[in-house]
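Subject: Structure for you to look at

Hi,

Here is the structure I promised you. Please open it first, then read my notes below.

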Amino acid sequence: MPWKVVYEILNLGINKVLKTDGIVMIFTHHAFPLHDLPWDYWRFSDNAWHGLFNNQTGFEVIETSLIDPVTIISKSMYAGTIGLETAEAFIHSAVIARKVSETDLSWNVSVPEIIKSVYPE
């Protein structure tokens, strides 16, 4: 639940510890093979960052970037994979955002309410 990290997780989320006008920079995966199943849920496109860092969560996006271009070749060909090897693909994504305000958003949903497995320790 990356949105919880942005604004409230354990009262130590980015919004809770960053002062107004503070800058956050996150560098993470964009396209990568499935891993750590069943817990592999998120891919961050340059546009997805705006869903996490926005006025409602108390931020403004300064810049986003897709980094490390790659070619993805499908093991099977069908309508959805034709031309995939020529489509833009990137291994990493990044965002730089500025905290502009506090937020009163909350997400009162626990992980067990969404998925019934337990993340291994």
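**Strands and salt bridges**

Strands β2 and β3 run antiparallel, and nine bridges join them. Keep in mind that this is a predicted model. Along this pairing, Ser65 stands opposite Ala94 in β3.

Now the whole sheet. Three strands form an open sheet, in the order β1-β3-β2, with antiparallel pairing. Strands β1 (23-29) and β2 stand at the edges, each with a single partner strand, so one side of each has no neighbour in the sheet. On average, neighbouring strands of this sheet are turned by 15° against each other, direction ignored. As background, strands of a sheet pair through backbone hydrogen bonds.

Next, the charged side chains. How many salt bridges does the structure hold? It holds two.

One joins Glu60 and Arg98, with the closest N and O atoms 2.5 Å apart. This pair links distant parts of the chain: Glu60 lies in strand β2 (residues 59-69), Arg98 lies in strand β3 (residues 90-99), and they are 38 residues apart. Glu60 has 32% relative accessibility, so it counts as partly exposed. Arg98 has 27%, so it counts as partly exposed too.

The other joins Lys99 and Glu102, with the closest N and O atoms 2.9 Å apart. Is Lys99 buried or exposed? Lys99 counts as buried, because its relative accessibility is 1% and the cut-off for buried is under 20%. Glu102 counts as exposed, at 53%, because exposed means over 50%.

Best wishes

Note on methods: Residues numbered from 1 in each chain as written. Predicted model: local features only at pLDDT ≥ 70, side-chain atom pairs only at ≥ 80, totals over all residues. Heavy atoms only, no water. Salt bridge = Lys/Arg side-chain N within 4 Å of Asp/Glu carboxyl O. Helix = DSSP H or I, 4+ residues; strand = E, 2+ residues; numbered from the N terminus. Buried < 20%, exposed > 50% of the residue type's maximum accessible area, 1.4 Å probe, protein only. Pairing = 2+ DSSP bridges. Axes fitted to C-alpha atoms, helices over the stretch in contact; angles between N-to-C directions.
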